[in-house]
Amino acid sequence: MGRLVITHSTYLEGLIPVLRRLAKEHAIDTVTPAVISRVRGRAPELRLRVSTPITGGWKLLARRGSSAQEVFVVTALEQAGLQALIETCLGAA
């Protein structure tokens, strides 16, 4: 079971409950939400996708409305395995 790092005062709506579920998985070591930015497109509901590999894990991109937030996940999972786990956590929302 991993841990969720809460360091910011602002998060995308609905993101923290999904990240809490993700952090409870045994394959996840640490989940750290990071920078929020504005994007051109609109995502009507919360979406999370695996973006790029980082040292020891993956960077995720969370989208909702016209905002995007980076999320860093430290895990030994491969990209497909992590994406499947994310879809499970989003489905439980």
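Which residues in α1 are buried?

Modeller: The model is a predicted one. In α1, the buried residues are Leu 15, Ile 16, Val 18, Leu 19, Leu 22 and Ala 23. Around the helix axis they cover an arc of only 160 degrees, which means that they lie on the same side of α1. An α-helix makes a turn every 3.6 residues, so residues three or four places apart point the same way.

The next step is to see what this side of the helix meets. The buried residues of α1 pack against β1 (3–4), β2, β3 and α2. For orientation, the protein chain contains two helices and three strands, and along the sequence they follow the pattern β-α-β-β-α. The radius of gyration of the chain is 12 Å, close to the 12 Å that the globule rule gives for 93 residues, so the chain is as compact as a globular protein of that length. Its C-alpha trace spans about 35 × 25 × 25 Å along the principal axes, and 40% of the 93 residues count as buried.

Where do the nonpolar side chains gather? In soluble globular proteins, nonpolar side chains tend to be buried together. Here, the largest nonpolar core has 24 residues, and Leu 22, Val 31, Leu 48 and Leu 60 have the most contacts inside it. At least two residues of this core are supplied by each of α1 (15–23), β2, β3 and α2 (79–91). The largest share, six residues, comes from α1.

The strands themselves form an open sheet of three, in the order β1-β2-β3 and with mixed pairing. β1 and β3 are the edge strands, each pairing on one side only. β2 (residues 28–54) and β3 (residues 57–75) run antiparallel and are joined by 16 bridges. The two strands form a hairpin with two residues between them, and Gly 56 in the turn has a positive phi of about 85 degrees. Further along this pairing, Leu 48 stands opposite Ala 62 in β3, and Ser 37 stands opposite Ala 68 in β3.

Ala 34, in β2, counts as buried because its relative accessibility is 13%, and buried means under 20%. Beyond its neighbours within four places in sequence, Ala 34 is in contact with His 8, Gln 69, Glu 70 and Phe 72. From C-alpha to C-alpha, Ala 34 is 12 Å from Leu 19, a residue 15 places away in sequence.

Ser 67, in β3, is also counted as buried, because its relative accessibility is 11%. Its side chain makes a polar contact of 2.9 Å with the side chain of Arg 38. Apart from residues up to four places away in sequence, Ser 67 touches Leu 12, Ile 36, Ser 37, Arg 38, Val 39 and Ala 62.

Setting aside residues up to four places away in sequence, Gly 65 touches Gly 41, Arg 42 and Ala 43. Gly 65 and Arg 47 are 18 residues apart in sequence, and their C-alpha atoms are 9.8 Å apart in space.

Finally, the contacts can be viewed over the whole chain. Among those between residues at least 6 apart in sequence, 59% join residues at least 24 apart. To return to the part in question, the buried side of α1 packs against β1, β2, β3 and α2, and α1 gives six residues, the largest share, to the core.

Technical notes. Residues numbered from 1 in each chain as written. Predicted model: local features only at pLDDT ≥ 70, side-chain atom pairs only at ≥ 80, totals over all residues. Heavy atoms only, no water. Helix = DSSP H or I, 4+ residues; strand = E, 2+ residues; numbered from the N terminus. Buried < 20%, exposed > 50% of the residue type's maximum accessible area, 1.4 Å probe, protein only. Contact = heavy atoms within 4.5 Å. Pairing = 2+ DSSP bridges. Polar contact = N/O pair within 3.5 Å; in protein donor to acceptor, adjacent residues only side chain to side chain. Core = buried A, V, L, I, M, F, W, Y, C linked by side-chain atoms within 4.5 Å. Arc of directions from axis to C-beta. Rg over C-alpha atoms; globule rule 2.2 N^0.38 Å.
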